[in-house]
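Look over the sequence and the model below before reading on.

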Amino acid sequence: GSTVEVDPGVEVDEENAEDDLLGGLKIDSTADIEVPDRLVDQVIGQDEARDIIIKAAKQRRHVMMIGSPGTGKSMLAKAMSQLLPQEDLQDVLVYHNPDDGNEPKVRTVPAGKGEQIIDAHKEEARKRNQMRSILMWIIIAIVVGYAILARQILLGILAAGIIWFIFRYTSRGTDAMVPNMIVDNGDQRTAPFEDATGAHAGALLGDVRHDPFQSGGMETPSHDRVEPGGIHKANKGVLFVDEINTLDVRTQQKLMTAIQEGEFSITGQSERSSGAMVQTEPVPCDFVMIAAGNLDAMENMHPALRSRIKGYGYEVYMDDTIEDTPEMRRKYARFIAQEVDRDGRLPHFEREAVEEIILEAKRRAGRKEHLTLLFRNLGGLVRVAGDIARAEDREYTTRDDVLQAKDRSRSIEQQLADDYIERRKDYELQVTQDGVEGRVNGLAVMGEDSGIMLPVMAEIAPAQGQGQVIATGQLKEMAEESVQNVSAIIKKFSDVNLSEKDVHIQFVQAGQQGVDGDSASITVATAVISALEDIPIDQSVAMTGSLSVRGDVLPVGGVTHKIEAAAKAGCSKVIIPQANEQDVMIEDEYAEMIEIIPCSNISEVLDVALMGEPKKDSLVDRLKSITGSAFDQQAVS
Ligand code: ADP
């Protein structure tokens with residue numbers, strides 16, 4: 001690959017680079033950072049994808065890019081267009097066909113030539129019209145002169161009008177001579193880049209407009225109604241299609257034909273329009289295709305199209321995070337400079353503001369020692385922060401602006417979750433210091449980046465016959481599974497046979513959209529044990545974790561967001577799986593609000609959550625003895 005020097009002209013303090021959030025970059029603000037000219041050199045991370053793009057540009061191969069939104073897929077596609085040779089560019093002209101008006105002719109000329117041809121034709125048409133005008137006035141003069149002589153003035157005026165009318169409405173015939181330039185690369189500095197994401201058939205494959213006046217001298221000649229599609233405008237360049245599976249199957253098929261043939265006739269796409277009668281000669285569409293989407297999109301695209309692209313090109317996965325190194329952090333500083341540059345109106349970022357963005361990139365990675373590569377979102381934060389500074393006419397964007405921006409650019413889910421907490425306060429559902437039997441503060445993730453507190457209640461009643469787990473909503477399956485897991489443990493220390501009981505599980509106010517409860521199984525287990533043994537649970541504790549049948553607490557996703565949600569809701573302690581300890585990256589303001597307690601076993605969880613010795617102590621001891629030893633032989637995960 002080609003590694004690019006980050007920022008020529010900026011000194012780096014190598015000695016302290018490791019500990020510095022900016023990787024030792026000696027700058028006062030992002031104004032000191034030079035932004036590379038070529039887009040491909042601006043791409044941060046995604047080394048593999050970048051190398052492939054460079055290689056594919058040389059070989060003119062198609063590329064399939066699979067990965068999360070906002071990681072640079074379209075940026076790389078555009079970058080590729082800058083790498084393709086510009087000498088090959090062409091203009092495409094559509095001409096009237098005197099033999100068959102419904103099959104316009106197509107001519108391809110080197111870029112820039114098209115305009116000359118059009119000008120020449122226009123000039124000719126102008127001269128012709130001028131001649132016609134002169135001719136018309138001569139005829140009118142003769143007719144009117146003759147009428148005056150014959151003392152028939154009215155008749156003369158009438159005749160003049162008729163002559164004028166005839167000339168006026170037959171002059172359109174001369175337009176037919178001027179070709180229609182559908183692809184104009186005259187001013188193009190690089191090979192074209194066409195983003196056809198979400199394009200309908202006409203926009204992608206070209207179209208012929210409907211003509212409301214199909215006869216009587218009023219019609220627009222068919223070649224003038226021809227409109228190019230993305231595939232034609234991308235000729236000799238790049239056609240980028242994101243979420244390719246959203247193209248309908250017929251369109252995908254046609255796209256495949258276009259790729260195979262390298263040319264594609266334009267016809268009217270709407271069947272009942274007059275445009276559908278028109279079909280041009282083949283129009284060149286020799287492009288490199290970059291198809292993008294998430295894994296799901298790829299699996300749902302037309303298999304023949306997929307294998308076509310794959311067979312003649314490359315497939316590459318985009319990364320979501322990248323290892324946090326001083327060099328990478330320096331690049332993230334450059335990222336801010338790039339975004340400020342691109343926007344053109346944002347004030348540059350002060351050093352401390354850059355630090356805050358890099359911290360945020362660490363946090364959003366959700367992984368220790370990593371930085372997020374979801375740059376579109378990060379760029380959004382940069383723009384909101386810059387806008388705040390700009391609104392106040394300041395020269396630089398400050399750390400304070402970034403903090404404010406973070407608050408403003410909360411995702412919809414985050415806003416919902418905050419709103420939800422607010423609302424819950426009204427209903428006095430918030431945290432208390434009391435102990436309550438069978439009620440646990442669970443934690444869940446909404447959307448991608450917001451935590452939410454989700455209380456769980458368990459109640460146990462004798463069953464009529466075979467016991468059941470009774471839970472409602474989308475979390476039913478998870479509830480059943482966790483009860484099953486905990487019943488294996490309960491069997492070992494209690495006389496109660498859970499299978500003879502009905503276990504009711506209620507997720508309090510879990511009517512929320514998009515709540516993922518996958519990781520609440522220690523919550524359910526704790527609630528069930530508490531209800532079964534009549535031992536109250538400390539309501540100032542919240543918890544998240546998955547549970548194995550042997551009582552191990554297993555790691556879950558989204559711990560950082562969950563901890564923040566617990567803190568916001570007013571909890572003083574939060575239990576997380578020990579294995580997730582390294583993923584915690586909470587913000588300072590929350591770190592002071594809440595104590596994080598990593599646990600690896602359900603006995604430890606209960607030790608923290610249950611209240612009221614001595615009953616609690618004896619239970620925890622019993623649990624310790626069985627989950628520690630009795631289960632060790634069974635290698636169940
Ligand atoms: P995708 O096509 O994967 O959804 P884009 O390429 O449209 O994402 O990215 C949106 C914006 O985010 C880009 O215009 C660029 O400003 C920024 N961006 C995305 N990925 C990167 C990257 N790897 N390096 C630098 N900037 C990036």
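I138 is partly exposed, with a relative accessible area of 46%; buried means under 20% relative accessible area, exposed over 50% and partly exposed in between, using a 1.4 Å probe and protein chains only. The model is predicted, so local features need pLDDT of at least 70 and side-chain atom pairs count only at pLDDT 80 or more, while totals for chains, interfaces and linings use all residues. Residues are numbered from 1 along each chain as its sequence is written, and side-chain values use heavy atoms, with hydrogens and water left out.

I138 belongs to helix 4 (residues 113-149); helices (H or I, at least four residues) and strands (E, at least two) are DSSP runs numbered from the N terminus. Together with M131, I134 and I142, I138 makes up a nonpolar surface patch with about 420 Å² of accessible area in total. Patch members have over 30% relative accessible area and no salt bridge; like charges are joined within 9 Å and nonpolar side chains (Val, Leu, Ile, Met, Phe, Trp, Tyr) within 5 Å. Accessible areas come from the Shrake-Rupley method with a 1.4 Å probe, and for residues only the protein chains shown count as cover. A salt bridge is a side-chain nitrogen of Lys or Arg within 4 Å of a carboxyl oxygen of Asp or Glu.

E18 sits in the segment before helix 1 (39-42) and is exposed at 55% relative accessible area. E369 is in the loop between helix 12 (351-365) and strand 15 (370-372), and at 52% relative accessibility E369 is exposed.

The backbone at E369 has a positive phi, near 60°, in a residue other than glycine. Q46, also not a glycine, has a positive phi near 50°. Q46 lies in the loop between helix 1 and helix 2 (47-59) and is buried, with a relative accessible area of 2%.

D207 is in strand 6 (residues 207-208) and is partly exposed at 22% relative accessible area. The C-alpha atoms of D207 and P228 are 6.6 Å apart, although 21 residues separate them along the chain.

How many disulfides does a search of the whole structure find? The search finds zero, a disulfide being a pair of cysteine sulfur atoms within 2.5 Å. C285 is buried at 2% relative accessibility, and C599 is buried with a relative accessible area of 2%.
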